[in-house]
Amino acid sequence: MTDACTIMTTCGSEETALTIAAALVDQAYAACVNILPSIKSYYYFKGETHLDEEVMLIIKTTRELFPQVSDVITDLHTYEVPEILMFSVEEGSEPFLDWIRQSVNRLA
């Protein structure tokens with residue numbers, strides 16, 4: 001297992017997604033954020049089912065930075081309960097994993 005991870009969240013607008021992505025990369029909490037537009041989410045919340053169009057973010061960072069990433073998402077998000085899920089990276093190409101590490105440590 002590596003120290004790298006991906007964190008996923010969804011947003012209700014591209015504007016919110018871009019705001020979160022910029023904050024994470026600019027503060028060196030993430031090396032990269034992929035923004036996947038126009039996904040559909042069908043979900044249950046507060047006693048009802050909903051179908052909404054959303055934007056998904058896939059955030060490349062390290063496990064150590066999960067608390068900071070989670071805080072930024074929570075602070076900037078418009079949802080009452082934002083999705084914040086971390087997935088560990090079991091293996092990856094060393095040059096790419098090194099790039100993640102260097103990117104998130106550039107302000108240290």
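# A residue of helix 3

Leaving aside its neighbours within four places in sequence, S103 is in contact (heavy atoms within 4.5 Å) with A28 and A31. S103 lies in helix 3; helices (H or I, at least four residues) and strands (E, at least two) are DSSP runs, numbered from the N terminus. S103 counts as buried because its relative accessibility is 14%. Buried means under 20% relative accessible area, exposed over 50%, and partly exposed in between (1.4 Å probe, protein chains only).

The model is predicted: local features need pLDDT of at least 70, side-chain atom pairs count only at pLDDT 80 or more, and totals for chains, interfaces and linings use all residues. Residues are numbered from 1 along each chain as its sequence is written, and side-chain values use heavy atoms, with hydrogens and water left out.

Helix 3 covers residues 94-104, and L97, I100, S103 and V104 are buried in it. These buried residues line one face of the helix, because they fall within an arc of 130 degrees when seen down its axis. The arc is that of the directions from the helix axis to the C-beta atoms.

What lies over this buried face? The cover includes strand 1 (4-11) and strand 3 (48-62). The face turned away from the buried side of helix 3 carries the exposed residues P95 and Q102.

# Two residues with positive phi

Most residues other than glycine have a negative phi. A28, which S103 contacts, is not a glycine and yet has a positive phi of about 65 degrees. A28 sits in the loop between helix 1 and strand 2 (32-45). With a relative accessible area of 3%, A28 is buried.

K46 is another residue other than glycine with a positive phi, near 55 degrees. Its place is the loop between strand 2 and strand 3. Is K46 buried or exposed? K46 is exposed, as its relative accessible area is 59%.

# Helix 2 and its cover

P67 and M56 are 11 residues apart along the chain, and their C-alpha atoms are separated by 19 Å.

# Where helix 1 meets helix 2

The axes of helix 1 (residues 14-26) and helix 2 (residues 66-76) come within 10 Å and cross at roughly 145 degrees. Axes are lines fitted to C-alpha atoms, for helices over the stretch in contact, and angles run from 0 to 180 degrees between N-to-C directions. Helix 1 makes this contact with T16, T19, I20, A23 and L24, and helix 2 makes it with V69, V72, I73 and L76.

# The nonpolar cores

A nonpolar core is a set of buried Ala, Val, Leu, Ile, Met, Phe, Trp, Tyr and Cys residues joined through side-chain atoms within 4.5 Å. The largest one has 17 residues, of which I7, L24, V33, L57, I59 and I73 touch the most other members. Strand 1, helix 1, strand 3 and helix 2 are the elements that give two or more residues to this core. Which element gives the most? Helix 1 does, with five residues. Apart from this core lies another, of seven residues, among them A4, L97, I100 and V104.

Not counting residues up to four places away in sequence, I59 touches C5, T6, I7, T9, L24, A30, C32, V33, V69 and I73.

# The start of the chain

M1 is found in the segment before strand 1. With a relative accessible area of 62%, M1 is exposed. Leaving aside its neighbours within four places in sequence, M1 is in contact with R63, S88, V89, E90 and E91. From C-alpha to C-alpha, M1 and K60 are 15 Å apart in space, and they are 59 residues apart in sequence.
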